[in-house]
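Below are some notes for a colleague who is opening this structure for the first time. They are meant to be read with the model on screen.

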2 protein chains.
Amino acid sequence: MMNQNLESIKVTLDVVCGKWKAVILLTLYEEGTLRFGELKKQIPLINHQTLIKQLKELENDRLIKKKSYQVVPPKVEYSLTDYGQSIKGLLYKMIEWGEQHSEQNKTPS
Amino acid sequence: MMNQNLESIKVTLDVVCGKWKAVILLTLYEEGTLRFGELKKQIPLINHQTLIKQLKELENDRLIKKKSYQVVPPKVEYSLTDYGQSIKGLLYKMIEWGEQHSEQNKTPS
DNA sequence: CGGTATCCAGTCGGATACTG
DNA sequence: CAGTATCCGACTGGATACCG
């Protein structure tokens with residue numbers, strides 16, 4: 001039956017289709033554990049509030065985990081879970097496909 | 001540089017992140033060329049207008065092509081382009097990942 | 001420093017009705 | 001049969017301001 005496939009792909013799409021989610025994940029792959037501010041520095045174009053929201057969604061989806069140190073000023077670290085690590089190969093396949101085919105998207109003159 | 005990767009993955013995400021786009025592509029993989037009405041029959045839950053919009057976007061992105069026969073009543077066939085075929089493997093990888101990890105999304109009780 | 005709480009604008013999926 | 005033209009509600013990304 002095809003319906004199971006549709007459910008499965010929906011799971012995947014839900015997890016990576018946020019505007020900045022792939023960017024955040026790729027940053028954590030390359031940089032490892034990062035504090036909120038460091039993450040913000042790596043992704044300068046993202047809005048403060050937007051970053052918080054996207055992180056929360058990724059956390060709810062268990063792709064990343066948050067560690068809060070109870071200090072002043074606050075210190076919070078974000079890192080990938082095993083689940084988050086497991087999607088790395090897929091993201092790089094997406095990069096690959098986008099690379100290979102980006103020319104085809106140019107509108108003919 | 002990482003920015004090129006981000007551009008590439010954006011291309012990929014733009015192309016598959018519509019609510020029904022993956023479903024439409026998967027249907028065309030399995031069924032081959034289909035008329036509008038047949039496509040609608042295969043995907044009963046989609047709204048008529050929504051299907052038209054998603055098809056138009058896929059067509060603009062060159063993943064599918066439309067062939068109109070100038071007859072009454074109208075007859076239109078949709079099929080995959082080579083570009084559309086080329087993303088098939090990626091979609092099935094997405095299904096695979098979603099399958100393997102869907103249990104992890106269940107909220108703990 | 002990192003997080004809430006609001007509010008706002010744009011986009012997207014969808015409902016309905018009409019056309020050739 | 002397939003498509004266009006509207007209109008609408010919901011969601012999402014983002015701007016701003018304030019809190020611990």
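**Notes on the model**

1. The side chain of B:W20 has an N or O atom 2.6 Å from a phosphate oxygen of DNA strand C. Helix 3 (36-42), helix 4 (48-60) and strand 3 (75-80) of chain A, together with helix 4 (48-60) of chain B, are the elements that give two or more residues to the surface near this DNA strand. Helices (H or I, at least four residues) and strands (E, at least two) are DSSP runs, numbered from the N terminus.

2. On conventions: this is a predicted model, in which local features need pLDDT of at least 70 and side-chain atom pairs count only at pLDDT 80 or more, while totals for chains, interfaces and linings use all residues. Residues are numbered from 1 along each chain as its sequence is written, chains are lettered from A and ligands numbered from 1 in the order in which they are written, and side-chain values use heavy atoms, with hydrogens and water left out.

3. What surrounds DNA strand C as a whole? There are 21 residues around DNA strand C, and the closest are A:G37, B:K19, B:W20, B:N47 and B:K53; a residue is near a strand if one of its heavy atoms lies within 4 Å of it. Sugar or phosphate accounts for 59% of the atoms of DNA strand C within 4 Å of the protein, and bases for the rest. The surface near DNA strand C is made up of eight nonpolar, eight polar and five charged residues. In this division Ala, Val, Leu, Ile, Met, Phe, Trp, Tyr, Cys and Pro count as nonpolar, Asp, Glu, Lys and Arg as charged, and the others, Gly among them, as polar.

4. DNA strand D also has 21 residues around it, of which A:W20, A:N47, A:T50, A:K53 and B:G37 come nearest. Of its atoms within 4 Å of the protein, 58% are sugar or phosphate and the rest are in bases. The side chain of B:Q49 has an N or O atom 3.2 Å from a base nitrogen of DNA strand D. The elements giving two or more residues to this surface are helix 4 of chain A together with helix 3 (36-42), helix 4 and strand 3 of chain B.

5. How are chain A's elements arranged? Chain A has six helices and three strands, and from the N terminus on they run α-α-β-α-α-β-β-α-α. The C-alpha atoms of chain A fill a box of roughly 55 × 45 × 20 Å along the principal axes.

6. The three strands of chain A form an open antiparallel sheet in the order 1-3-2. Strand 1 (34-35) and strand 2 (64-69) of chain A are at the edges with a single partner strand each, so one side of each has no neighbour in the sheet. Strands pair if DSSP finds at least two bridges between them; strand 2 and strand 3 of chain A have six. One bridge joins A:K65 to A:S79 in strand 3 of chain A. Helix 2 (residues 21-31) of chain A packs on the sheet and touches strand 1, strand 2 and strand 3 of chain A.

7. In chain B, strand 2 and strand 3 form a hairpin with five residues between them. B:Y69 stands opposite B:K75 in strand 3 of chain B, and B:K67 has B:E77 as its bridge partner there.

8. Between the chains, 38 residues of chain B are in contact (heavy atoms within 4.5 Å) with 38 residues of chain A. The two chains bury about 3500 Å² between them, 71% of it on carbon and sulfur atoms; buried area is the accessible area (1.4 Å probe) that two parts lose on being put together, summed over both. In chain B, B:I9, B:Y83 and B:W97 lose the most area to chain A, together 20% of what that side buries.

How values were computed
Polar contact = N/O pair within 3.5 Å; in protein donor to acceptor, adjacent residues only side chain to side chain. Axes fitted to C-alpha atoms, helices over the stretch in contact; angles between N-to-C directions.
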